[in-house]
Amino acid sequence: MFRIKFASTDDMKFMEEIAKSFKIPFSCDINRCICMVAVDEKPFGYICIEVNNNIAKIVGHAVLPNYQMKGYGTMLLRVALNNLYDFGIKKAYIDYSDYDEFYIKNGFKKSNNGLTIDIDELFK
């Protein structure tokens, strides 16, 4: 059965493998980022978020192809944003990419700094 949890150091190698499978850079540092994984028997998706000055930046987010289009990426994003909300973080953003439409569908808006979301508004 699938679950979403905070990533452990053991999960990092799976997260890096997922990133490599998409040829995307992997820059998640578990000591500096909020990292979460979606796990079945092993991790199949992840999200990593850096927080600086109470603003969160999504630095990594991917789900393996066999698990795509089933809502797992959205669930990972929502759980991570909910945790940020619980931590008192009010804003989040991600740089523009090929996946902008996914984030726009999930409440992000275009801005000068990429796609942004007001987390307070999302969870009111």
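The sulfur of Cys33 lies 4.9 Å from the closest cysteine sulfur, that of Cys35, which is too far for a bond. A disulfide here is a pair of cysteine sulfur atoms within 2.5 Å. The structure is a predicted model, in which local features need pLDDT of at least 70 and side-chain atom pairs count only at pLDDT 80 or more, while totals for chains, interfaces and linings use all residues. Residues are numbered from 1 along each chain as its sequence is written, and side-chain values use heavy atoms, with hydrogens and water left out.

**Cysteines**

By the distance rule, the count is 1 disulfide. The bond joins Cys28 to Cys48, with an S to S distance of 2.3 Å. The torsion about this S-S bond is about 125°, so the disulfide is right-handed. Cys28 sits in the loop between H1 and strand E2 (33-39), and Cys48 sits in strand E3 (residues 43-52), so the pair ties together parts that are 20 residues apart in sequence. Helices (H or I, at least four residues) and strands (E, at least two) are DSSP runs, numbered from the N terminus. Both Cys28 and Cys48 are buried; buried means under 20% relative accessible area, exposed over 50%, and partly exposed in between (1.4 Å probe, protein chains only).

For Cys35, the closest cysteine sulfur is that of Cys48, at 3.1 Å, again too far for a bond. Cys35 is buried, as is Cys33.

| Residue | Relative accessible area | Class |
|---|---|---|
| Cys33 | 9% | buried |
| Cys35 | 3% | buried |
| Asp11 | 7% | buried |
| Val51 | 30% | partly exposed |

**Asp11**

Asp11 is placed in the loop between strand E1 (3-6) and helix H1 (12-21). Its side chain reaches the backbone nitrogen of Ser8 at 2.9 Å. A polar contact is a pair of N or O atoms within 3.5 Å; within protein, one must be able to donate a hydrogen and the other to accept it, and residues adjacent in sequence count only if both atoms are side-chain atoms. Leaving aside residues up to four places away in sequence, Asp11 touches Lys5, Phe6, Val37 and Pro43, where contact means heavy atoms within 4.5 Å.

**Val51**

Val51 belongs to strand E3. The C-alpha atoms of Val51 and Cys33 are separated by 7.0 Å, with the two residues 18 apart along the chain. Not counting residues up to four places away in sequence, Val51 touches Ile34, Ala56, Leu84 and Ile89.
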